[in-house]
Amino acid sequence: MGKTLNVKLTTSMGPIALELDSEKAPLTVVNFATYVDAGHYNGTIFHRVIPTFMIQGGGFNKDMSERPTRGPLKNEAANGLKNDIYTISMARRQDPDSATGQFFINVTNNDMLNRSASSAGYAVFGKVTSGQDVVDKIKAVPTGNSGPFQNVPTTPVVIEKAECV
């Protein structure tokens, strides 16, 4: 990787260290770092956990109320980074340019999320450099439904603090 930014997520299950690639995903890294610096992720949860797919967080409080976000950003999925195990990507809606603050960590190689002729893809912007064991613990938590939401941990997995280090 070229220019990188390091972020530490202190979760209720342990620390996760991230190395973000600001050379290949400059808009996405600035967006994520802005949310980190604003304290947006502090107190949010991993609200969607699928053990064969990914763990998603950054958008909801423990009571499943959604955090307000800034406007969406341009999808940088054409940057050459792949949705491989222990990479971090931006979550988005159907519109490729709809990502705001939510992110996910891949817990397997998710080739179907990469940019292709038939898909705009999901923008990878970094990787887990330590705390893979924490990611593995999170992906194994029991989940259920919470209102309209599925795959929600039955005991909240909280991002207690996110910080640029």
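Predicted model: local features only at pLDDT ≥ 70, side-chain atom pairs only at ≥ 80, totals over all residues.
View 1. Residues are numbered from 1 along each chain as its sequence is written, and side-chain values use heavy atoms, with hydrogens and water left out. The lining holds 21 residues. Gln 56, Ala 91, Arg 92, Arg 93 and Gln 102 lie nearest the centre of the pocket. The volume of the largest pocket is about 420 Å³. On a 1 Å grid over the protein atoms alone, a pocket is an open set of points where a 1.4 Å probe fits, with protein on both sides within 12 Å along at least five of seven lines; lining residues have an atom within 4 Å of a point. Grid points are joined across faces, edges and corners, and a volume is the space filled by probe spheres set on the points. Strands E3 (44-50) and E4 (54-57) each supply at least two lining residues. Helices (H or I, at least four residues) and strands (E, at least two) are DSSP runs, numbered from the N terminus.

**View 2. Helix H2 (residues 132-139) has buried residues.** They include Val 134, Val 135 and Ile 138. Buried means under 20% relative accessible area (1.4 Å probe, protein chains only). Seen down the axis of H2, its buried residues fall within an arc of 100 degrees, so they line one face of the helix. The arc is that of the directions from the helix axis to the C-beta atoms. The cover over these residues includes strands E1 (4-11), E2 (14-21), E3, E4, E6 (103-106) and E7 (124-130).

**View 3. Strand E5 (residues 87-90) pairs with E7 and with E6.** Thr 87 and Ser 89 point one way, Ile 88 and Met 90 the other. All four are buried. E5 and E7 are antiparallel, with three bridges. Two strands pair if DSSP finds at least two bridges between them. Ile 88 sits opposite Gly 126 in E7. E5 and E6 also run antiparallel, joined by three bridges. There, Ser 89 faces Phe 104.

**View 4. Strand E2 is largely enclosed by the rest of the structure, because six of its eight residues are buried.** E1 and E2 form a hairpin with two residues between them. Eight bridges join this antiparallel pair. Leu 9 has Ile 16 in E2 as its bridge partner. E2 also runs antiparallel to E7, over four bridges. In that pairing, Ala 17 partners Ser 130.

**View 5. Leu 73 lies in the loop between E4 and E5.** Leu 73 counts as buried, at 12% relative accessibility. Ser 98 is 25 residues away along the chain, yet the two C-alpha atoms are separated by 6.3 Å. Beyond its neighbours within four places in sequence, Leu 73 is in contact with Leu 27, Thr 28, Asn 31, Asp 97, Ser 98, Ala 99 and Thr 100. Contact means heavy atoms within 4.5 Å.

**View 6. Met 64 and Tyr 86 are found in the loop between E4 and E5.** Met 64 has a positive phi of about 65 degrees, although it is not a glycine. Tyr 86 also has a positive phi of about 65 degrees and is not a glycine. Met 64 is buried, with a relative accessible area of 11%. Tyr 86 is buried too, at 18%.

How values were computed: Buried < 20%, exposed > 50% of the residue type's maximum accessible area, 1.4 Å probe, protein only.
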